[in-house]
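Hi,

Here is the structure I promised to pass on. Have a look, and my notes follow below.

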Amino acid sequence: MQKILDEFENSQKELIHVLHRVQAKFGYLPPEAISEISRHLKITESEIYGVLTFYSAFSLEPRGKHTVTVCMGTACHVRGGPKVLEEFERRLEIEAGNTTQDKQFTLETVACLGCCAIGPVVVVDDDYHAQATISKVEPILEKYKKEKKNDQN
Ligand code: FES
């Protein structure tokens, strides 16, 4: 943590950069890290938490290795987005907004991804999966579970 903080000046204008860097390192922003950032940048913890609640990119909870985002915007909704989300929830055994116990997947929803014509849309990490259906959910998850196994070999 100190190594990360040493990369930045003791300036409040560095806050967003420091938060991104710490989240990239730990996968989320643990409370101890917030305290250290507060001391280093001379910003109160409540000011930092204020920033964190404003930017959805930051997480105060440990996140999964993979983030599955299911679009719930109107165009995706009318094409079956809610059914796709239900299938992810069923297979991952979590509700949207949560992370699986093995920390492999975090499941989220979004209001629109800006590519309504190919909906329902599911994004896993940076990969877009167009015209998602219930039957595509398992193969999508298997692809990322396989990556986990391959990483271990
Ligand atoms: S509503 Fe899903 S991409 Fe726009």
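Let's begin with P120, which sits in the loop between β2 and β3 (122-124). Helices (H or I, at least four residues) and strands (E, at least two) are DSSP runs, numbered from the N terminus. The peptide bond between G119 and P120 is cis, with omega at about -5 degrees.

Before the rest, some housekeeping: this is a predicted model, and local features need pLDDT of at least 70, side-chain atom pairs count only at pLDDT 80 or more, while totals for chains, interfaces and linings use all residues. Residue numbers run from 1 along each chain as its sequence is written.

Most residues other than glycine have a negative phi, and most peptide bonds are trans. E93, in the loop between α6 (81-92) and β2, has a positive phi near 60 degrees. D125, in the loop between β3 and β4 (127-129), has a positive phi near 55 degrees.

How exposed are they? For burial, count other C-beta atoms (placed from the backbone) within 10 Å of a residue's own: 20 or more is buried, 12 or fewer exposed, and in between partly exposed. E93 is exposed because it has 9 such neighbours, and D125 is exposed with 11.

Finally, T109 in strand β2 (residues 105-110) has 17 neighbours, so it counts as partly exposed. Beyond its neighbours within four places in sequence, T109 is in contact with V70, M72, L85 and A96 (contact means C-beta atoms, placed from the backbone, within 7 Å). T74 is 35 residues away from T109 along the chain, and their C-alpha atoms are 13 Å apart.

Cheers

Note on methods:
Contact = placed C-beta atoms within 7 Å.
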